[in-house]
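Subject: Structure for your review

Dear colleague,

Please find below the structure I am handing over to you, together with its sequence.

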Amino acid sequence: AGTKSTITGDDFYGAYDAQETGKKFSSELGMTVTHYENMVYVGPEEGYVEESIAKGQGKKVAKLSGTEFRRLLRAGEDIPEWFAFKSV
């Protein structure tokens, strides 16, 4: 698959472009592509919800990118409990 952004940080494609391309060629590929939206953490009572629902309800969301997660791991820093189990 490779990188999704240029050296300057510009994205080559949008968040759901791969899903849309998969849907477009699903019969040729012999598979069904399922829509899966980004999930965000909105607190201990509700846990994780789809990002569009959280935004639509004006919820404060907590997100941690894969890049930031790896940085925290490499630096030996604490990972938020809502993101990963302590055993990580």
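Two residues are counted as being in contact when heavy atoms of theirs lie within 4.5 Å. On that basis, residues 24 or more positions apart supply 4% of the chain's contacts that have a separation of 6 or more. Please bear in mind that this is a predicted model.

Overall architecture

The chain contains four helices and two strands, and their order along the sequence is α-α-β-β-α-α. The chain is more spread out than a compact globule, because its radius of gyration is 16 Å, well over the 12 Å given by the globule rule for 88 residues. The C-alpha trace spans about 45 × 35 × 25 Å along its principal axes.

Surface and charge

Of the 88 residues in the chain, 18% are buried. The accessible surface amounts to about 7,100 Å², and carbon and sulfur atoms account for 54% of that area. As to charge, the chain carries 11 positive and 14 negative side chains. The centres of these two sets are 2 Å apart.

The nonpolar core

The largest nonpolar core consists of five residues: Leu 64, Phe 69, Leu 72, Ile 79 and Ala 84.

Gln 19 belongs to helix α1, which covers residues 17-24. Since buried means under 20% relative accessible area, Gln 19 qualifies because its value is 15%. Beyond residues up to four places away in sequence, Gln 19 touches Val 33, Thr 34, His 35 and Tyr 36.

Glu 51 lies in helix α3, which comprises residues 51-56. Its relative accessibility is 11%, so Glu 51 likewise counts as buried. With residues up to four places away in sequence again excluded, the residues that Glu 51 touches are Glu 37, Asn 38, Val 40 and Lys 63.

Yours sincerely

How values were computed
Residues numbered from 1 in each chain as written. Predicted model: local features only at pLDDT ≥ 70, side-chain atom pairs only at ≥ 80, totals over all residues. Heavy atoms only, no water. Buried < 20%, exposed > 50% of the residue type's maximum accessible area, 1.4 Å probe, protein only. Core = buried A, V, L, I, M, F, W, Y, C linked by side-chain atoms within 4.5 Å. Rg over C-alpha atoms; globule rule 2.2 N^0.38 Å. Areas by Shrake-Rupley, 256 points an atom, 1.4 Å probe, with all protein chains shown as cover. Lys, Arg positive; Asp, Glu negative; His and termini not counted. Charge placed at Lys NZ, Arg CZ, Asp CG, Glu CD.
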